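Open the model in your viewer and keep the selection panel at hand. The stops below say what to select and what is there.

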Amino acid sequence: MILLEAKDVCKYFHGNKAVDMVNMTINEGEIVGLIGANGAGKTTFFNCLTGYYKATSGTIAFMGKSIEKAKPHVICKMGVGRTFQIAKPFHGLSVLENTVVGAYNKCKTKSDAYKKARECIDFTGLGDKEGLDAASLNTGEQRRLELARALATQPKLLLLDEVMAGLTPTESAEMVELIRKIRDSGVTILMIEHIMPALMSLSDTVYVLDQGRLISKGTPEEVSADKQVIESYLGKSAEV
Ligand code: ATP
């Protein structure tokens, strides 16, 4: 089943074509990778899918319903969750309270919201940290908290924006396992990631952006062998 379908999506900033005629189809159960050099338009595309930016043109459908004009909270309620490139936990609130904020997306009562939040904290491995101030977490734990909060919204599709940025190799390896576990729990994933071994090992399909345009799409093997992709991005990465 097609979960998300973006057609000819454009986002221009005063003539800068940050996203230029991008098409994407995400099937339920997939992990889809989105790669490209810095400034290629990846986060801008995420922002269009999640309602943070209104696409200049093009259409976006989630579960058959048009969302290109919908507000972020409406899209979240429909089942599209996300994390941000820079983790921004609410300081002064505990790990549990931060996650409860996400849980209220679907939960109607306080006890349901706390139950869902605890479930997500346990799922992401933060169970023993629920009472700590979010500000006291290290980078790896903050990334997990971002995931817990996003999962607490009960998404069908989860957009991950560089969740491995700043992690040690060990933490990255644990994150790969966690992302797999999320997918296996029934959540479809679209992820931006610069750590190529991790992205290539997780993704069923990879999309490549270059200066706002989609230059390649295929299996990790196909994309890794694509000359244009090597020239515009992979050739410059030391981590392939
Ligand atoms: P990175 O890997 O560095 O996060 P990216 O592929 O996510 O890069 P974007 O952040 O989407 O790239 O940026 C794409 C282009 O759009 C860049 O030229 C950027 O300067 C521009 N851009 C992004 N957001 C805005 C904005 N709010 N106003 C103006 N220009 C913007």
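Start with the two domains, whose bounds come from an automatic or database domain assignment: the C-alpha centres of domain 1 and domain 2 lie 24 Å apart. Select 2-79 together with 155-234 for domain 1, and 88-153 for domain 2. This is a predicted model, in which local features need pLDDT of at least 70 and side-chain atom pairs count only at pLDDT 80 or more, while totals for chains, interfaces and linings use all residues. Residues are numbered from 1 along each chain as its sequence is written, and side-chain values use heavy atoms, with hydrogens and water left out.

**The interface**

Next, show the residues in contact (heavy atoms within 4.5 Å). Domain 1 gives 20 residues to this contact and domain 2 gives 13. The two domains bury about 1400 Å² between them, with 65% of it on carbon and sulfur atoms. Buried area here is the accessible area (1.4 Å probe) that two parts lose on being put together, summed over both. Now select Lys77, Pro155 and Leu178 in domain 1: these lose the most area to domain 2, together 31% of what that side buries.

Which residue forms a salt bridge with Arg144? Select Glu174; the closest N and O atoms of this pair are 3.5 Å apart. A salt bridge is a side-chain nitrogen of Lys or Arg within 4 Å of a carboxyl oxygen of Asp or Glu. Between domain 1 and domain 2 the count is one salt bridge.

Colour helix H2 (72-78), strand S7 (157-161) and helix H6 (169-184), the elements that give two or more residues to the side of domain 1 that touches domain 2. Helices (H or I, at least four residues) and strands (E, at least two) are DSSP runs, numbered from the N terminus. H6 supplies the largest share of that side, six residues.

**The ligand**

A polar backbone atom of Gly39 is 2.8 Å from an oxygen atom of the ligand. Then select Asn16, where a side-chain N or O atom is 3.2 Å from a ligand oxygen. For His194, the corresponding side-chain distance is 3.1 Å.

**A pair within one helix**

Finally, select Lys116 and Glu119, whose side chains meet in a salt bridge (2.8 Å, N to O). The two residues are separated by about one helical turn because they are three residues apart in helix H4 (residues 110-123). The structure holds ten salt bridges.

Definitions and conventions. Polar contact = N/O pair within 3.5 Å; in protein donor to acceptor, adjacent residues only side chain to side chain.
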